[in-house]
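Let's go through how the labels on this model get assigned, one label at a time. Each reply puts a value next to its cut-off.

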Amino acid sequence: SQVKESIRRHSGVLLRQLITPGAEKDFAYAKLSLQSKQQLATELLRMFEQETLPKVKGNMGDAISKLAEYVCNPEDPRGSLSP
């Protein structure tokens, strides 16, 4: 990608913060429509597969992991991805 590695790494950190459950006002993922949630998950996986820089891929993997923890938690009533 043409975007600097440092910016791409930082965006992964910011994304992880937005999709990690916590304070309701900061948890952006819960506010998305089901279609947007599915599109986000699909795009994250696509970008992860295409990423070549290990540090950036690691940050993206962390974000994907946090999202997976949330959507697979049957005790959180805010929703999950549909199959």
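Q: How do the residues lining the largest pocket divide into nonpolar, polar and charged?
A: This is a predicted model, and in it the lining splits into eight nonpolar, five polar and four charged residues. The pocket itself has a volume of about 360 Å³. Its lining counts 17 residues, and Arg8, Met47, Glu51, Val56 and Met60 are the closest to the centre.

Q: What pattern does the protein chain follow along the sequence?
A: It reads α-α-α, with three helices and zero strands.

Q: Why is the pair of Tyr29 and Tyr70 called edge-to-face?
A: Two checks here. The ring centres are 5.6 Å apart, and pairing needs them within 6.5 Å, so they pair. The planes sit at 85 degrees, and over 60 counts as edge-to-face, so that's the label. By this rule the count comes to one aromatic pair.

Q: Where in the chain do the two partners, Tyr29 and Tyr70, sit?
A: Tyr29 is in the loop between H1 and H2, and Tyr70 is in helix H3, 41 residues apart, so the pair links distant parts of the chain. Both Tyr29 and Tyr70 are buried.

Q: Which residues make up the largest nonpolar core?
A: There are nine: Ile19, Phe27, Tyr29, Leu44, Ala63, Ile64, Leu67, Tyr70 and Val71. Helix H3 (residues 54-71) gives the most to this core, with five residues. Across the protein chain of 83 residues, buried ones make up 22%.

Q: Is Thr20 buried, partly exposed or exposed, and how do you know that?
A: Its relative accessibility is 24%. Buried would need under 20% and exposed over 50%, so Thr20 counts as partly exposed. Thr20 lies in the loop between H1 and H2.

Q: What makes Lys57 count as lying over the face of Phe48?
A: Lys57 is at 4.9 Å from the ring centre, and the cut-off is within 6 Å. The angle to the ring normal must also be within 35 degrees, and Lys57 does count as lying over the face of Phe48.

Conventions. Residues are numbered from 1 along each chain as its sequence is written. This is a predicted model: local features need pLDDT of at least 70, side-chain atom pairs count only at pLDDT 80 or more; totals for chains, interfaces and linings use all residues. Side-chain values use heavy atoms; hydrogens and water are left out. A nonpolar core is a set of buried Ala, Val, Leu, Ile, Met, Phe, Trp, Tyr and Cys residues joined through side-chain atoms within 4.5 Å. Buried means under 20% relative accessible area, exposed over 50%, partly exposed in between (1.4 Å probe, protein chains only). Helices (H or I, at least four residues) and strands (E, at least two) are DSSP runs, numbered from the N terminus. On a 1 Å grid over the protein atoms alone, a cavity is a set of points where a 1.4 Å probe fits but cannot get out, and a pocket is an open set with protein on both sides within 12 Å along at least five of seven lines; lining residues have an atom within 4 Å of a point. Grid points are joined across faces, edges and corners, and a volume is the space filled by probe spheres set on the points. Ala, Val, Leu, Ile, Met, Phe, Trp, Tyr, Cys and Pro count as nonpolar, Asp, Glu, Lys and Arg as charged, and the others, Gly among them, as polar. Rings of Phe, Tyr and Trp (its six-membered ring) pair if their centres lie within 6.5 Å; planes under 30 degrees apart count as stacked, over 60 as edge-to-face and the rest as tilted.
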